[in-house]
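Here's a friendly walk through a two-chain model. Have a look at it first, and then we'll go through it piece by piece.

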Amino acid sequence: MTGFTGALLSQGFMQHAAIAALLAAVGCGVIGSFVVARRISYLAGGIAHSVLGGMGLAYFLGRAPFPGALGAALVAALVIGLVTRRARQHEDIMISAVWAVGMAAGVMFISQTPGYSVDLMSYLFGNVLMVPRSDLYLMGALDAVVLLVVLGFHKQLIAVAFDEEFAGLRGIPVTFFYMLLLCMIALTVVVVVKLVGLILVIALLTLPAAIAGRFVRTLVPMMVLASALAAVLSFGGLALSYGPDWPAGATITLVTGAAYFATLGLPRLRRG
Amino acid sequence: MSPVIALRNVSFSFDGPPVVEDVTLEVQRGEFLGVIGPNGSGKSTLLRLILGLMQPDTGAITVLGRPPKAARRAVGYVPQFTTFARDFPISVEGTVLMGRLGRTRWLGAYSATDRSRARRAMEETEIGALAARPLASLSGGQLQRVLIARALACDPEILLLDEPTANVDLGVERSLFDLLRAFNRRMTIVVVSHDVGFISEYVERVACLNRTLVCHRTAELTGEAIQELYGRPVHLIRHDLGGGGGG
């Protein structure tokens, strides 16, 4: 652990990783609470996996992966949301399609790119020790967008997540705000992919919020507690992984999963 | 005076036999109307048509002289089945505050006016003490009052309730109707119920629905008249079922 503290104080890459963990934690807490409360973690998983298509395309075109990931996540969110609503397709089928097609497209793009093959594992499982400063700015910007949107429109977003029919009867444009929520999930997914990779996103997006939901009763405190938990757990995972040189993303996910299973044993707070 | 709700020759079906057929009904301002009928008689559908959640196949509906969708903000609705997850992380107050949507500002938090209006709605429905409680911890009767408070927070001119007593016991049922009678002093109320005898004690007029509609003033209704009113359309449906149809 002293090795970790030393690295944190002296090594730029470790400072970047720590900042990335904190930035991801904010999105996980705020948007993860919506995902857990609205029970759309499968949808969030679909968006996360489709990100590989965008990263693969960016790699094929010789561009940075980050904008590709962002574009793919937004397209996936809009396709899942709009097609489900307009074409009356079952949402889980649509999510499965986007999930698998996105990943397959990514693998196809990467296979067709000549030259030295990209480290697919770092896309899938993250490589937080290699986050450049420019990516931190992008992560911070996405977090800022998510926070501003949630601060500005939390009444509508909560109403749509809670009871769409009633929100519609009150004159709220339900489809618009549901799509806005899915886009916020997409932005958060892209931030978290930087930390733990696209396969493990779903753990950080749901488990801290699920733990928080056992101890607080309303959405806003749940967001705050989930953000704090996500920060502590991902920071803890990062520290734990440093000494034995374990993969950071997997360690963070295991720490988060262990915390989740451990709290299942605690009595649930029902009223207070 | 023009009616606040007007349905003219309204029919509706879900890709099959009509659920509501040729219904003509007017509700006057300040009225307390009970809509009764057996299960599957189209009562809930009638409310959903008035709310503009469904469009009639034929006929016309106006609410406050406007198309249903345009009048929605002036209508409070208490659904029969909760259309949300009971364990959603939200408090009673947070739920009631949602009634302010459509009247409150777009950006940021609810205003002080919204909060005082929600507070009043909770006190009127006698759930003020539950304000901070999570929704998941409430009994069926308490939840029903929360839904009524949410509808009241809309400051509605018309209150529509779909089987408000379906999941509550008789004592609660009685006081619920006493509450509604108090609200009736300032708003028009339409209550859907399957319980003929009970509802006729409270409302001014019952409309019996079984796909089509027959109206009677409560004052004229004796037990026998209710039986006849209720029985005849039931008989009609049985006849239709015998003919191979369904409803």
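Let's start with a term: two residues are in contact if their C-beta atoms, placed from the backbone, lie within 7 Å. With that in hand, take chain B: among its contacts between residues at least 6 apart in sequence, 66% join residues at least 24 apart.

A bit of housekeeping. This is a predicted model, in which local features need pLDDT of at least 70 and side-chain atom pairs count only at pLDDT 80 or more, while totals for chains, interfaces and linings use all residues. Residues are numbered from 1 along each chain as its sequence is written, and chains are lettered from A and ligands numbered from 1 in the order in which they are written.

Here are the two chains in a table. Helices (H or I, at least four residues) and strands (E, at least two) are DSSP runs, numbered from the N terminus. A residue is buried if 20 or more other C-beta atoms, placed from the backbone, lie within 10 Å of its own.

| Chain | Secondary structure | Buried share |
|---|---|---|
| A | twelve helices, zero strands | 52% of 272 residues |
| B | eight helices, nine strands | 41% of 247 residues |

How compact is chain A? Its radius of gyration (taken over C-alpha atoms) is 18 Å, close to the 19 Å from the globule rule (2.2 Å times the number of residues to the power 0.38), so chain A is as compact as a globular protein of that length. Its C-alpha atoms fill a box of roughly 55 × 50 × 30 Å along the principal axes.

Now for helix α2 of chain A, residues 12-38. Of its 27 residues, 20 are buried, so α2(A) is largely enclosed by the rest of the structure. There's a bend of about 30° at Ile31(A), taken as the angle between axes fitted to the seven residues ending there and the seven starting there.

What does Val189(A) touch? Leaving out residues up to four places away in sequence, its partners are Ala44(A), Ile47(A), Ala48(A), Val51(A), Ala73(A) and Val201(A).

Finally, where do the chains meet? 21 residues of chain A are in contact with 21 residues of chain B. On the chain A side, α7 (133-162), α8 (164-169) and α11 (219-242) each give two or more residues.
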